[in-house]
Amino acid sequence: MRQVDSIGGRDLRDMFAAATGWLEKSAPEIDALNVFPVPDGDTGTNMMLTMRSCIEEAYRAPDNSVSAVADYMARGALIGARGNSGVILSQFWRGLAKGMAHKDTLDLSDLVLAFKEAAIMARNGLTNPVEGTIITVASDIAAAVSENGYSGQGQNVVTLMKDVVSAAGASVARTPSLLPVLREAGVVDAGGQGLYTIMEGAMRHLAGEMKEYEFKKPQIIVGDILTRLPKTLSVADEEAYGYCTELVIVGKGLDQKKIRKRLEKKGQSLIVVGDDERVRIHIHSLDPGSVIHYATAHLGTLHQVSIRNMDEQHLDFMEMQKERLPAGDIGIVAVVAGDGLADVFTSLGVSAIVTGGQTMNPSTKDILQAVEHVASDNIIILPNNKNIVATAEQVQTLTNKRVAVIPTKAVPQGVAALLAFDYEANFDSNLELMTRAIGQVKSIEIVRASRAAKIGGWEIKKKQPMGFVDGDLVAVADKLDEVLFKVLSLVETGQASVLPIYYGEGIEQEEAERVSAAVREQYPHLEVEVVRGGQPHYSYLVSVE
Amino acid sequence: MLKIVTDSLSDITSGLAGELGISVVPVYVRFGEKVYRDRVEITTEEFYRRLTHEATLPTTTQPTPSDFAEVYNKLAKETNEILVVTLSSKLSGTYQSAVHAKEMVEGDVRIEVIDSQTVVMGLGVIVISVARAAQAGASLEEAVALVHGAKPRSHAIMSFDTLKYLAKGGRIGRAQGLLGSMLSVKPILTIKDGEISPVTRVRSRAAGIDYLYNFVAGFPRIEELAVEHATTPDEAAALVERLGALYPKEKIHPANVSPVIGTYVGPHVLSVSVLAAP
């Protein structure tokens, strides 16, 4: 590994020129990380364009001192900043430049200071900093390098940059655990990923490794928690996006606080950054004219004005989302009650969940809304309850999308159908495969009677546990586990290999574990899985697969 | 006579390479700072042992252009026609190296390089087929046409235990939907358009093996068939025995799944590759 003890202005410029090239390679992948429904979405491209402007200015620096070059780079980032992430990145650069002020070259402690200033400045540009984004990654970088101190043997700029990259990577991986919207979309933060990629590019250049990576692409970090597809897409999120408006104002004595205050009411996602002679504004507004008017009438001259229709961007985004669907443009909508079961279904690739089940049947409208919100024109619905099958079938006549209902009458059938989904197969073949899979499981439901009743020779007391197999009542007993064992003894389990037990709302985990252990003991050839279903009504849902 | 060259990620065994006159250029496998030439300096057993026991995941690196040039120059002494078939350019830069190496060859030799868009024995069966044609006297043009014709007929499918390695390597791509399942599922993957792509998932290892069997049974006529494993020879042998009902089992090519796939899918992979008859 190369050893670098200090860096000058030219080194700084070359490092980040290489980093810009490195970022460019993965800009489309970073764009694809954007979370629905964030409207101005091309994070990767925006950061890349911001960096390009940053590098262009670097060449204009009057001398080769690191402070001069950094100053010009920060200015380049500011005038070229695009999008939310680009503006925050420009703030990051402003902080770096501040930390590098009055320096000819940088040693390790100078770099530690620069990263600290960068993290602070990135955060200051925002009225409402949100954790789990690029600003968290910037702070984690600063914390990691300041903790190390770099006084020991063998430390040099390359090892410091390696530390920066690994801190950034770990921080990006944590973003889904900090920001629920990322968790639900199953992605890491795009801006954070962009910053990581820039730092990685700079480090590889400095370490002399770029040649080795000539044919490689930057890696997209994988979140360190379960990745999932969107859980429920709520119609309430649908609001007008308006126009993403960006401009630079050049004037004298510009007061950012005052500008921010004036613009706050004009829209959302407002960012105001810069100095008293040059201010960059980013805002999502339904009335960009009023923003422009305010700026020209009261502030100064306008530069690099950009107004983009975000509803159009949103449509493009929806198109892009289609590529992330299971395959062949097929989306799956499932009706499920219970947060645990919703997790199970989303983890298996369902595009949207409609909440509902035995005690609360969803309306046709509920299912229709989910169908319309999935970014796919071909939809398969899993009703997972016999009372919902007909409701789901109604949807077919109410939408222009191609909709098919797999008549799953219980949760285990829904899981079996979902598992059989074939990414290589087309719509019709998948219907066939999934429908066939329903017949290959037995669904056991254990539930307490809601009232006293006489059914088919059984005399059932209120709250007494009953056991059903594929909808038929087959056993009644005084205890839940007793019913379960009775039912299992009546079901053919010889051919089965897996037995998941989904325990419901009123059941403690310890109890479910105890019951499952007993099942395991009696049926040693079965792989018994205990999963928290959280479903109301059914104490246990058991699938014999 | 036309000479055939491929890379070690075709999984072609040295015995078969010798028999069919195929030159195999090894890729590099890197564990931390140490670099090994695939199946020359590190055995498959050793690779998978370290894959499961070491904290840092190995990476694979393409052969350099000069690695290919060395082979080309050696072959140029006996032939004036060379056909190179590499693994998918989307999985490795090997194809680029093989192309760049053409400029480093002296003398009057025509070299064609083709990106197979597949890997493991999916690549292997294409190479076997064209090597047989070369032995039968095919020209470079005929062989190029044959490889292009064979690409869509080659199908590789694999069953394995865990997506852990796929996730760690950050190379999930379209398999993202298979990730993070709350139930225990065994993914089935294929190579599609040069990339690793999900097919479906099954609930048990036995069901995975059934899936591989049924996949082969779906082909009316088979030209070449290969069964590969990483660390489970008994399982592979049992599958070969079963496949004997569909295809003469002595003609099934046994092989070890290459490290590049190993870094994706971990040690318990079982893979079947079919070259469907035209």
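Mentor: Two strands count as paired if DSSP finds at least two bridges between them. Strands (E, at least two residues) and helices (H or I, at least four) are DSSP runs, numbered from the N terminus. The model is a predicted one, in which local features need pLDDT of at least 70 and side-chain atom pairs count only at pLDDT 80 or more, while totals for chains, interfaces and linings use all residues. Residues are numbered from 1 along each chain as its sequence is written, chains are lettered from A and ligands numbered from 1 in the order in which they are written.

Strand E1 (residues 243–251) of chain A and strand E3 (residues 278–285) of chain A run antiparallel and are joined by eight bridges. Within this pair, A:Leu247 is opposite A:Ile281 of E3(A).

The sheet that holds these strands is open and has four strands in the order E2-E3-E1-E4 (chain A), paired antiparallel. Its edges are strand E2 (268–274) and strand E4 (300–309) of chain A; each has a single partner strand, so one side of each lacks a neighbour in the sheet. On average, neighbouring strands of the sheet are turned by 10° against each other, direction ignored.

Two helices come next. For their angles, axes are lines fitted to C-alpha atoms, for helices over the stretch in contact, and angles run from 0 to 180 degrees between N-to-C directions. A contact requires the C-beta atoms of two residues, placed from the backbone, to lie within 7 Å. Helix H10 (residues 256–264) of chain A lies across E2 and E3 of chain A and runs at about 165° to E2(A). Helix H11 (residues 288–298) of chain A also packs on the sheet, where it touches E1, E3 and E4 of chain A. The direction of H11(A) makes about 5° with that of E1(A).

Now the chain around the sheet. Chain A has 19 helices and 16 strands. Of its 545 residues, 51% are buried, that is, have 20 or more other C-beta atoms within 10 Å of their own; exposed means 12 or fewer, partly exposed in between, with C-beta atoms placed from the backbone. Among contacts in chain A with a separation of 6 or more, 68% are between residues 24 or more positions apart.

A nonpolar core is a set of buried Ala, Val, Leu, Ile, Met, Phe, Trp, Tyr and Cys residues joined through C-beta atoms within 7 Å. The largest one has 151 residues, and those with the most contacts inside it include A:Val333, A:Ile367 and B:Val127. Helix H5 (residues 120–135) of chain B gives the largest share of this core, eleven residues. Another core, of 94 residues, lies apart from it, with A:Leu33 and A:Met48 among its members.

Elsewhere in chain A, 13 of the 16 residues of helix H2 (residues 43–58) are buried, so H2(A) is largely enclosed by the rest of the structure. By contrast, A:Asp104 is partly exposed, with 13 other C-beta atoms within 10 Å. A:Asp104 sits in the loop between helix H4 (83–99) and helix H5 (108–124) of chain A. Beyond its neighbours within four places in sequence, A:Asp104 is in contact with A:Ser65 and A:Val66.

Methods:
Expected span 1.5 Å × (residues − 1).
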